[in-house]
Amino acid sequence: MGGALFVTLMRWLLPIALPTVFSPMPLFDTQFFFREPAWLFGGLMGVLCFVWYHGVMDDWYQWARGIDTPEHHEDKPGIEKYFGPSLDHKVIGIQYTVTALALLVIGGTFALIFRTELAASRLQFLTLEFRLFEQNGLQLYNSLMSLHGMIMIVSILLGVAAMMNYLVPLLIGAHDMAFPRLNAFSFWVAPPAAILLVSALILGGFDTGWTGYPPLSAKAPLGIDMFFLGVFTAGWSSILGSLNLIATTLRMRAKGMTAFRMPIFVWASIATSLIALTATQLIGLSFQLVAFQRVLHMGFFDPDKGGNPVLFQHLFWFYSHPAVYVFILPGLGIVSELLPVFARKPLFGYKWIAMSSLAIALVGFVVWAHHMFTSGMNEYLRVPFMYSTLLVAIPTGVKFFSWVATIWGGKIDTPTPMLFVLGAIVVFLLGGITGPPNATVSVDLHLHDTYYVVGHFHDTLFGGFVFPFFAALYFWFPKATGKRMNETLGKIHFWLMTPAFLTLSFGMMRIGLLGMRRRIADYDPALGFDNMHLVLTISGFLIALSILIFFYNLVISIKRGEPATGNLWNSRSPEWQVVSPMPAHNYDVPFEVVGEPYDYGLAGSKYIEFITPKKK
Amino acid sequence: MRHFVIVSILTAAMTYVIYVGLTSLGLMPVHASTQATSIDWLWDWQMRAMSFLFALIVAPMSYALVVFHRRKGETGEGQHFEGNYNLEIAWTVLPLFAVFAFAYMGAYSLGEVRRLDPNAMVIRVHAVQWNWTFEYPDYGFSSDVLHLPINRQIRLLMESTDVIHSFWVPEFRVKQDLVPGRVTELLITPDRLGAYRVRCAELCGISHSYMEDDVLVEETADFEEWALEQQAIAIEASKTPEGRGRILAATYCLGCHSITSTQLSGVAAPVWLGLFGKTETLQDGSSVVVDEAYLIESILNPLARIVHGFTPNMPQTFANTLSADQINDIIAFIKTLK
């Protein structure tokens with residue numbers, strides 16, 4: 001087992017590490033060894049070698065040579081298929097899930113490290129004398145804090161891709177995604193991107209936060225180049241993945257599945273993919289421009305050369321605000337998808353919920369400058385951006401009201417997935433209602449860059465992604481494995497994580513209002529925040545403990561979970577009408593949509609009917 | 001119908017309890033500027049809205065979870081209704097009014113915060129990693145503590161020479177970034193005597209946490225007295241190189257370098273007291289005497305020769321910001337620290 005793990009680890013690390021380290025090497029001159037362009041080039045080569053080495057581009061290469069390859073590659077049985085370039089969307093979905101969870105653990109561990117330092121004022125262990133990876137304690141704090149942000153974002157992007165990849169073809173009755181090889185490529189650029197991100201910590205770190213604003217990022221250590229490159233390649237994954245998803249949904253739906261008969265999660269996925277497909281380029285571009293400023297001395301954001309530091313913020317937030325909707329829309333889709341199953345009632349206002357996802361996606365494109373109310377951009381831009389930002393509340397409100405109306409008058413059951421759905425609604429509601437104060441300019445002048453904002457966005461991301469993601473894992477785990485996860489452990493996970501998280505986010509907002517700034521390693525003891533920070537640190541560790549329980553549950557349920565091969569949740573959705581685990585090519589017999597997706601409680605109604613082949 | 005009455009009462013009660021609870025906690029720090037007035041006024045309305053919206057969703061949801069929960073052994077499905085067009089229109093349009101109301105209040109409050117008094121006193125704020133300096137052009141001196149007269153509008157004109165910083169005194173509420181290559185403006189009218197702290201709110205590098213300085217709001221007479229005293233000191237100092245050096249050092253260096261025998265907390269920078277003429281061991285083991293040449297090199301290119309035990313933290317921007325004469329003045333000042 002240990003040997004196999006080592007071999008796997010080397011298979012993942014070496015293809016990226018060798019080119020990254022060797023391209024700066026050729027001259028063996030210490031000056032050259034640390035030259036940035038060589039590292040940047042090496043990192044890029046590392047990603048390509050990684051993808052090439054794992055055989056992701058083999059078929060394309062064969063086609064270029066004029067050699068045909070079979071349409072399907074049959075996967076090897078057992079666990080081995082998850083380590084190779086499978087073309088099956090379900091395998092890729094699980095690969096995404098595992099990578100997302102791994103990054104969640106890494107990002108969470110980073111958070112625990114700096115959260116421990118914050119437990120009391122003054123520096124305790126990340127001190128100036130402390131040395132690790134050529135960084136002192138304060139530098140390391142900044143590197144960890146910055147990487148926590150970006151690693152969690154990549155983790156969420158992969159988690160979103162995991163849900164969309166696994167579920168959308170099943171929900172629309174397709175045998176796979178429209179472009180299976182592109183799908184495999186989209187996944188396989190993500191692990192090297194993650195490895196590059198983590199390598200930033202070792203290669204000098206960086207002290208800019210995940211936003212990487214110049215001029216600070218233009219002066220940061222070498223680590224920031226690896227950070228830029230990691231984000232850049234993770235962006236490919238996002239763009240290509242969403243392209244694939246849109247094509248799949250447009251072209252591969254089952255017979256009779258008109259737009260308003262699609263499961264609601266598919267609508268959320270479409271809205272998400274539209275954003276990811278059209279906005280991700282901007283974050284890649286903004287980081288690329290800073291990298292060019294560093295290595296080619298082009299003065300895009302350098303005022304001494306006529307550049308403009310605020311321009312970067314516009315480019316950056318043009319992606320990074322809509323990105324928040326990429327993170328949350330699929331999660332809200334999961335909430336809308338699961339509520340009817342456990343309330344045994346139709347989804348209230350299906351069309352309104354579907355359209356509200358699109359409305360959030362579209363309005364999300366014109367609100368980016370609300371991150372820049374104090375930035376020194378043109379004063380008069382602040383008011384229109386306040387109006388557009390507040391407008392997001394309308395479609396979001398429609399979702400909340402519809403959810404309440406959905407459970408009203410139902411026969412509600414609350415197993416673990418439903419608990420996480422309800423948790424998601426409450427936590428996301430807190431994220432939602434703490435948002436408007438940030439949107440109204442004058443109050444934001446106080447709130448900007450404080451722990452209030454930190455509390456607010458942790459609420460939105462936990463409510464919009466983390467809770468729904470766990471709900472989805474508990475709900476569809478039987479579909480992937482034919483077993484169900486342990487209910488008791490699932491409930492302990494929920495009842496431990498939810499209060500701990502609420503304490504964390506309320507506490508953050510409380511001290512933020514009183515004057516706690518974001519991104520500081522140390523705070524003035526005179527502020528009197530020591531007790532609250534200690535509470536926050538303890539809450540952080542309780543969340544970590546609940547996640548450990550989840551992993552324990554995951555492992556024991558895979559090994560010896562209670563078998564669940566049928567329609568465990570009594571759902572109307574097509575994937576539950578066939579046996580679990582899902583057959584290799586999904587539906588052996590195609591189905592036709594004959595009714596509404598969520599007509600629970602309507603006697604005799606059916607969503608789908610399998611098409612029996614006519615006898616010749 | 002009975003359900004709706006109970007839920008309405010629950011929602012109203014919950015709204016009230018949350019709002020009273022939040023306000024009694026004292027969420028904001030003390031309020032020390034007239035700009036804070038309109039911000040606190042809007043924040044109070046925000047809290048009302050937050051309390052109501054939270055109750056509006058959570059009260060019916062909790063009620064439904066209790067009343068409509070599946071009883072043990074109960075089978076069957078929920079009621080079948082798919083939506084209600086009028087209800088959907090209502091909860092789209094009514095919030096729209098709330099949105100416009102809050103956006104209007106936000107714009108009004110922003111207008112109040114940005115209202116310029118023609119008699120405002122200008123103070124120029126200079127920020128470098130990791131130091132604030134406040135220049136009083138009316139009097140012709142600079143200080144590293146911000147003294148402000150009460151009840152007079154202050155117009156801060158702010159510049160940064162290296163990276164983005166942000167000026168924030170929580171008690172004044174307002175915040176504004178300082179961006180290299182441009183001058184940004186912040187208006188503050190202090191209306192409460194006391195000692196506060198200005199804290200940099202935009203991540204600006206390693207010692208960002210410690211980029212703080214004192215802010216004192218004083219009676220006008222006390223302020224005048226202090227300002228005239230500083231003015232006299234500045235005129236005297238500008239006559240000698242070490243005097244000019246001291247002023248420059250206060251702007252650029254003393255945020256990190258200490259001129260007493262103890263190192264400043266949070267910043268690993270060499271102490272200047274007794275520095276000149278000392279023999280130091282470098283990282284490669286060789287030694288160097290701290291003379292004028294070494295000091296000039298260390299200011300222009302801080303990474304060239306680093307003394308053992310220090311990390312390369314010093315900003316590498318001084319070659320652009322300081323002239324040769326200014327560097328000589330600073331060195332003249334360092335020489336006096338024995």
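How many residue pairs are in polar contact across the interface of chain A and chain B? I looked this up in a predicted model, where local features need pLDDT of at least 70, side-chain atom pairs count only at pLDDT 80 or more, and totals for chains, interfaces and linings use all residues. Residues are numbered from 1 along each chain as its sequence is written, chains are lettered from A in the order in which they are written, and side-chain values use heavy atoms, with hydrogens and water left out.

**Entry 1: chain A with chain B.** I found 28 residue pairs in polar contact, both at pLDDT 80 or more (a pair of N or O atoms within 3.5 Å, one able to donate a hydrogen and the other to accept it; residues adjacent in sequence count only if both atoms are side-chain atoms). Helix H15 of chain A (residues 393-407) gives the most to the side that touches chain B, with 9 residues (helices are DSSP runs, H or I, of at least four residues).

I then noted 5 salt bridges between the chains (a side-chain nitrogen of Lys or Arg within 4 Å of a carboxyl oxygen of Asp or Glu). A:Lys411 and B:Glu74 meet in a salt bridge at 3.5 Å, N to O.

Next I looked up the area: chain A and chain B bury about 8,200 Å² (accessible area, 1.4 Å probe, lost on being put together, summed over both). A:Phe401, A:Trp408 and A:Arg517 supply 10% of what chain A buries against chain B.

**Entry 2: inside chain B.** I count 0 salt bridges here and 2 residue pairs in polar contact.

Notes
Buried area = accessible area lost by both parts, 1.4 Å probe. Helix = DSSP H or I, 4+ residues; strand = E, 2+ residues; numbered from the N terminus.
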